[in-house]
Amino acid sequence: MSNPIISIEKLKIETRNGSYPLVNNVSLEIKKGEIAGLIGESGSGKSLTARAVMGLLPVNMKNSGRIVYKNSDLSALSPKDHRKFLGKEIGIIFQDYRASFTPYIKIGKQITETIRTHYPIGKKEARNQALEVLGKMGLDSERVYCSYPFQLSGGQVQRASIAMVLALKPALVICDEMTTALDVMNGEKVLNYLEEVRKETGCAILMITHDLALAYKRTDRIYVMQQGEIVEEGLPEQIRCQHQHPYTKKLCACLLSLPGENFIINERVNDL
Ligand SMILES: Nc1ncnc2c1ncn2[C@@H]1O[C@H](COP(=O)(O)OP(=O)(O)O)[C@@H](O)[C@H]1O
Ligand SMILES: [Mg+2]
């Protein structure tokens, strides 16, 4: 068995004037080429967990435990050294994409410059890569490349920001509610491309979502989080059919399964 790319061990996150931990005793690992799903209701600590891996926790918070990425304990690094892992090693796709682009620089220039910061390639090659990845997102690549962010719709900007992260071919991709703001068709396009990237590069993926159907369909292993703790973990099929924890039961009760691989949600899971 290959070693995990990322191994989170007993992660605890609390505010500096700490009353109680916001994330507690969270352990999970993801191997090369594996997609792990982190699911749970809103406020359960999913995004904070992702932020700790990135070294981007809010300033009023601190973390303990270990975050081992390819044999380096990221949690022991200075913020400056931690940030060196971002981009080519660890890429994150946030739900809130608005901060991804500088408003007064064209999208294409921003993507090519980002690629060239991490890879020693010429402008022309970087441009071709940027156009390719924009096209894979289902965007009119030439037009988007030459546009300022304000000239595009929110969904288009979001897909361009996903393109920018994936263009770097990170070894670990963290997707935090990546498709929540997209319509179903575009969400599927983006997820299919992510799958393509995984096959091509063998990257590991942490897919954070409150969408259980998506987690069943797209992940290799699911971790269920509630109030800052992992309460259950297992293969998607186990979580669906043999869950033990009452919270997982409650989550699964919101999902009506249909024959085959199709699922529909009859209630918003994050409204539980
Ligand atoms: N900057 C912050 N300051 C104080 N509390 C925060 C901050 N960010 C998140 N929290 C709290 O931490 C908990 C977990 O938040 P989060 O990780 O964003 O949840 P999720 O992503 O699962 O919806 C929530 O109770 C939230 O209110
Ligand atoms: Mg969140």
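The side chains of glutamate 200 and lysine 169 form a salt bridge, with N and O 3.5 Å apart. A salt bridge here is a side-chain nitrogen of Lys or Arg within 4 Å of a carboxyl oxygen of Asp or Glu. This pair links distant parts of the chain. Glutamate 200 sits in helix H7 (residues 184-201), and lysine 169 sits in the loop between helix H6 (154-167) and strand E7 (172-176). The two residues are 31 residues apart. Helices (H or I, at least four residues) and strands (E, at least two) are DSSP runs, numbered from the N terminus.

This is a predicted model, in which local features need pLDDT of at least 70, side-chain atom pairs count only at pLDDT 80 or more, and totals for chains, interfaces and linings use all residues. Residues are numbered from 1 along each chain as its sequence is written, chains are lettered from A and ligands numbered from 1 in the order in which they are written, and side-chain values use heavy atoms, with hydrogens and water left out.

Glutamate 200 counts as exposed, at 54% relative accessibility. Lysine 169 is partly exposed, at 35%. Buried means under 20% relative accessible area, exposed means over 50%, and partly exposed lies in between (1.4 Å probe, protein chains only).

The whole structure holds 14 salt bridges. Another of them joins arginine 218 to glutamate 188, with the closest N and O atoms 2.9 Å apart. Arginine 218 belongs to helix H8 (residues 212-218) and glutamate 188 to helix H7, so the pair ties together parts that are 30 residues apart in sequence. Arginine 218 is buried, with a relative accessible area of 12%. Glutamate 188 is partly exposed, at 28%.

Arginine 198 also forms a salt bridge, with aspartate 220 as its partner. Their closest N and O atoms are 3.1 Å apart. Arginine 198 lies in helix H7, and aspartate 220 lies in the loop between H8 and strand E9 (221-226), so this pair connects parts that are 22 residues apart in sequence. Arginine 198 is buried, with a relative accessible area of 14%. Aspartate 220 is partly exposed, at 31% relative accessibility. Salt bridges that share partners join Glu188, Lys217 and Arg218 into one network.

Helix H1 (residues 46-54) gives the most to the shell around ligand 1, with three residues. Seven of the nine residues of H1 are buried, so the helix is largely enclosed by the rest of the structure. The buried residues are Lys46, Leu48, Thr49, Ala50, Ala52, Val53 and Met54. Just after H1, glycine 55 takes a positive phi of about 75 degrees.

Ligand 1 is surrounded by Leu22, Glu41, Ser42, Gly43, Ser44, Gly45, Lys46, Ser47, Leu48, Pro58, Asn60 and Met61. A residue counts as near a molecule if one of its heavy atoms lies within 4 Å of it. By class, this shell has four nonpolar, six polar and two charged residues. Ala, Val, Leu, Ile, Met, Phe, Trp, Tyr, Cys and Pro count as nonpolar, Asp, Glu, Lys and Arg as charged, and the others, Gly among them, as polar.

Backbone atoms also meet the ligand. A polar backbone atom of glycine 43 lies 2.7 Å from an oxygen atom of ligand 1. For serine 44, the distance from a polar backbone atom to a ligand 1 oxygen is 3.1 Å. For glycine 45, a backbone N or O atom lies 3.0 Å from an oxygen atom of ligand 1. Taken alone, ligand 1 exposes 560 Å², and the protein buries 60% of that. Accessible areas come from the Shrake-Rupley method with a 1.4 Å probe.

Definitions and conventions. A polar contact is a pair of N or O atoms within 3.5 Å; within protein, one must be able to donate a hydrogen and the other to accept it, and residues adjacent in sequence count only if both atoms are side-chain atoms.
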